[in-house]
Amino acid sequence: MSNPIQILSSTLPPDMPSPPPPSRPRWVRWFWLICGALCLLLGAIGIVLPLLPTTPFVLLAAYFFSLGSARYEQWLLRHPLFGPMVRDWRSQHAVPMRAKQVAWGTMALSSGLAWCFMPSSIGWIPGACCALVALWMWRLPTSDRR
């Protein structure tokens, strides 16, 4: 049996927009909201805890909020501390230089700690992963914001 939205879309004139997709079930929206809140909490903790990165968690929170609630997404976009980094990322996939520097420093520190405290056969793995992330981050555009 055909989807009613597909049938309706196919009968609309080409210049009319198709109807919006059906809304997500309530439990799915709550799931995305909880994921977004947890990521935002981890990002906020990362402001004061140097080994926890703030920017990736805030960007992930924005993504989850966009799936769960337009209201929370707009709140995050307008937030004075977190909003600019999300807007920079969405508009130009750019990360502020300060965020890059902090991320590189914390990755180097945590990779060194892993090298010291993990068994030598696997101690190199965190450093290799962080090196790949650092290379990827190096290639991203740098935003003008500090």
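A residue counts as partly exposed when its relative accessible area falls between the buried class, under 20%, and the exposed class, over 50%. The legends below describe close-up views of a predicted model.

**View 1. Aromatic pairs in the whole structure.** A search across the whole structure finds six aromatic pairs, and two of these are described in the views that follow. A pair of aromatic rings is described by the distance of the centres and the angle of the planes.

**View 2. The stacked pair of W32 and F64.** The ring centres of W32 and F64 are 5.4 Å apart and the planes meet at 20°, so this pair is stacked. Because W32 belongs to helix α2 (residues 26-48) and F64 to helix α3 (residues 55-68), the pair ties together parts that are 32 residues apart in sequence. W32 is partly exposed, at a relative accessible area of 21%, whereas F64 is buried, at 13%. Both residues also take part in one aromatic cluster, formed by F31, W32, Y63 and F64.

**View 3. The tilted pair of W104 and W138.** With ring centres 5.5 Å apart and planes at 35°, W104 and W138 make a tilted pair. W104 lies in helix α6 (residues 97-117) and W138 in helix α7 (residues 124-139), so the pair ties together parts that are 34 residues apart in sequence. W104 is partly exposed, since its relative accessible area is 22%, which lies between the limits of 20% and 50%, while W138 is exposed, with a relative accessible area of 60%.

**View 4. A charge over the ring of Y72.** The charged end of R71 sits over the ring of Y72, at 5.2 Å from the centre of that ring.

Notes:
Residues numbered from 1 in each chain as written. Predicted model: local features only at pLDDT ≥ 70, side-chain atom pairs only at ≥ 80, totals over all residues. Heavy atoms only, no water. Phe/Tyr/Trp six-rings, centres within 6.5 Å; stacked < 30°, edge-to-face > 60°. Helix = DSSP H or I, 4+ residues; strand = E, 2+ residues; numbered from the N terminus. Buried < 20%, exposed > 50% of the residue type's maximum accessible area, 1.4 Å probe, protein only. Lys NZ or Arg CZ within 6 Å of the ring centre and 35° of its normal.
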